[in-house]
Amino acid sequence: GLTKLLADNAPKAMKEQKLESYSGRSIAVDASMSIYQFLVVVGRKGTQMLTNEAGQVTSHLQGMLYRTIRLLEAGIQPVYVFDGKPPDLKKQELAKRFLKRADASEDLAVAIAV
């Protein structure tokens with residue numbers, strides 16, 4: 001990903017800072033990546049996901065809400081960016097990720113069946 005690319009080619013371009021150091025600023029947040037992170041991690045108990053009364057998955061909504069609140073409380077104005085179609089250079093990487101996800105889903109189905 002981007003972090004590895006920067007670490008390998010421009011290590012001085014990266015600097016870890018505390019969240020509070022961005023107070024009073026607006027920051028861009030990759031909305032698609034955030035939503036995906038929350039779908040994968042937040043509210044999961046084993047194979048069960050956080051859902052509403054109708055059974056619809058809501059973990060991404062809760063995660064986005066809590067992240068937004070945390071940023072606002074730190075004095076940071078989040079700007080959620082929804083990017084468009086990925087560039088052609090990224091197609092190979094996306095294909096690899098798709099295959100990994102399919103393999104993991106298969107492994108999960110087998111593990112649940114056992």
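The following paragraphs describe the fold, the surface and several individual residues of this predicted model.

Residues are numbered from 1 along each chain as its sequence is written, and side-chain values use heavy atoms, with hydrogens and water left out. Because the model is predicted, local features need pLDDT of at least 70 and side-chain atom pairs count only at pLDDT 80 or more, whereas totals for chains, interfaces and linings use all residues.

The protein chain contains 4 helices and 2 strands. Helices (H or I, at least four residues) and strands (E, at least two) are DSSP runs, numbered from the N terminus. In order from the N terminus, the elements follow the pattern α-β-α-α-β-α. Along the principal axes, the C-alpha atoms occupy a box of roughly 50 × 40 × 25 Å. The radius of gyration of the protein chain is 18 Å, while a compact globule of 114 residues would have a value near 13 Å; this quantity is taken over C-alpha atoms, and the globule rule is 2.2 Å times the number of residues to the power 0.38.

Of the 114 residues in the protein chain, 11% are buried. Here buried means under 20% relative accessible area, exposed means over 50%, and partly exposed lies in between (1.4 Å probe, protein chains only). The accessible surface of the protein chain amounts to about 9,400 Å², and carbon and sulfur atoms contribute 59% of it. Such areas come from the Shrake-Rupley method with a 1.4 Å probe, and for residues only the protein chains shown count as cover. Among contacts in the protein chain with a separation of 6 or more, 57% join residues 24 or more positions apart, a contact being heavy atoms within 4.5 Å.

The structure holds 1 salt bridge, defined as a side-chain nitrogen of Lys or Arg within 4 Å of a carboxyl oxygen of Asp or Glu. Lys4 and Asp8 form a salt bridge in which the closest N and O atoms are 2.8 Å apart. Side chains of opposite charge can pair when their charged atoms come close. Because Asp8 and Lys4 are 4 residues apart in helix H1 (residues 2-9), about one helical turn separates them. Asp8 is exposed, at 51% relative accessible area, and Lys4 also counts as exposed, at 54%. With 84% relative accessibility, Lys12 counts as exposed. Its C-alpha atom is separated by 17 Å from that of Gly1, which is 11 residues away along the chain.

Helix H2 (residues 31-41) contains Val40 as well as Ser34. Ser34 counts as buried because its relative accessibility is 3%. Its side chain is joined to that of Arg67 by a polar contact of 2.8 Å. A polar contact is a pair of N or O atoms within 3.5 Å; within protein, one must be able to donate a hydrogen and the other to accept it, and residues adjacent in sequence count only if both atoms are side-chain atoms. Apart from neighbours within four places in sequence, Ser34 contacts Val29, Met64 and Arg67. Val40, by comparison, is partly exposed, with 37% relative accessible area. Together with Met33, Tyr36 and Val41, Val40 makes a nonpolar surface patch of about 370 Å². Patches are made of residues with over 30% relative accessible area and no salt bridge; like charges are joined within 9 Å, and nonpolar side chains (Val, Leu, Ile, Met, Phe, Trp, Tyr) within 5 Å.

Thr58 is located in the loop between H2 and H3. Thr58 is buried, since its relative accessible area is 18%. Beyond its neighbours within four places in sequence, Thr58 is in contact with Leu50, Thr51 and Asn52. Thr58 and Phe38 are 20 residues apart in sequence, and their C-alpha atoms are 9.2 Å apart in space.

Helix H3 (residues 59-73) includes Leu72, which is partly exposed with a relative accessible area of 46%. Not counting residues up to four places away in sequence, Leu72 touches Gln77 and Pro78. From Leu72 to Val114 the sequence separation is 42 residues, and the distance from C-alpha to C-alpha is 45 Å.
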